Amino acid sequence: MRLIALLLGALLLVGAQAWYLGWRPPAPWNPWAPLDVRQPPNLLTAWKLSRLRDDPALCRQALETSALRYRAQADSPASADCPLRNVWRVESGEARLSSSFIVSCPLAVAYALFEIHGLQPAAQRVFGQPVTQVDHLGSFACRNVYHRAQGRLSQHATANALDISGFRLKDGQRIVLARDWQAGGAKAQFLREVRDAACASFSGVLGPDYNAAHANHFHVDMGRWQVCR
Ligand SMILES: [Zn+2]
């Protein structure tokens with residue numbers, strides 16, 4: 001134990017010295033380098049994503065490394081029931097969207113990461129072709145969790161969540177959560193791979209395994225709770 005502590009201490013000292021002398025680790029491993037969506041997620045990604053939450057300029061920088069088509073949305077008046085700030089309208093990723101959606105900047109960045117490093121590789125592995133459209137049920141909704149009259153606000157109330165309901169492949173095949181999650185076969189396997197991959201980008205992922213309310217979609221969000229079910 002004491003030896004490990006000594007070694008760690010020595011390593012820290014050397015690291016601090018190197019840092020002082022101007023050495024920097026490559027960007028993906030430098031905790032202070034802005035997140036680059038093109039780099040595959042690693043151990044630092046969750047931390048880098050969490051830094052985007054309170055830093056719109058840093059988030060914008062990360063968003064600019066993505067292949068998303070997006071445009072700025074004006075902030076809503078502070079008097080709105082669910083005021084929106086620093087939100088973007090995402091019009092497409094590599095794949096088309098069933099419709100554009102409004103999202104917080106961190107969620108847009110996480111979506112871009114998910115699409116390139118999670119969704120498309122899963123489609124290539126299972127079907128040997130890309131996803132060309134992502135179908136969704138919406139992002140922004142001014143409401144509480146589970147539409148209850150009481151309780152905490154949903155992540156949807158700040159456009160910090162998206163409900164993904166299915167995918168279309170290049171050859172025209174459709175994959176629908178409500179139908180294919182239970183069906184077995186390649187489509188069910190694909191959906192499980194997509195769910196697991198989503199957990200590497202989003203902080204919250206809830207799907208059909210979680211409860212009946214999620215039988216027809218993956219709820220993905222960038223809230224402070226880490227959950228993957
Ligand atoms: Zn949701």
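Predicted model: local features only at pLDDT ≥ 70, side-chain atom pairs only at ≥ 80, totals over all residues.
1. A disulfide is a covalent bond between the sulfur atoms of two cysteines.

2. Now look at where the two partners sit. C59 belongs to helix α3 (residues 56–64), while C105 belongs to helix α4 (residues 105–127). The two cysteines are 46 residues apart, and the pair links distant parts of the chain.

3. Stepping back to the overall layout, the protein chain is divided into domain 1 (1–31) and domain 2 (34–228). Taken over C-alpha atoms, the centres of the two domains are separated by 35 Å.

4. Where the domains meet, 5 residues of domain 1 are in contact with 7 residues of domain 2. Between them, domain 1 and domain 2 bury about 530 Å², with 59% of that on carbon and sulfur atoms. On the domain 1 side, P28, W29 and P31 lose the most area to domain 2, together accounting for 89% of what that side buries.

5. What kinds of contact are found between domain 1 and domain 2? There are 4 residue pairs in polar contact, and the salt bridge count is 0. The side of domain 1 that touches domain 2 has 4 nonpolar residues, 1 polar residue and no charged ones.

Definitions and conventions:
Residues numbered from 1 in each chain as written. Heavy atoms only, no water. Domains from an automatic or database assignment. Contact = heavy atoms within 4.5 Å. Buried area = accessible area lost by both parts, 1.4 Å probe. Salt bridge = Lys/Arg side-chain N within 4 Å of Asp/Glu carboxyl O. Polar contact = N/O pair within 3.5 Å; in protein donor to acceptor, adjacent residues only side chain to side chain. Nonpolar A, V, L, I, M, F, W, Y, C, P; charged D, E, K, R; others polar. Helix = DSSP H or I, 4+ residues; strand = E, 2+ residues; numbered from the N terminus.
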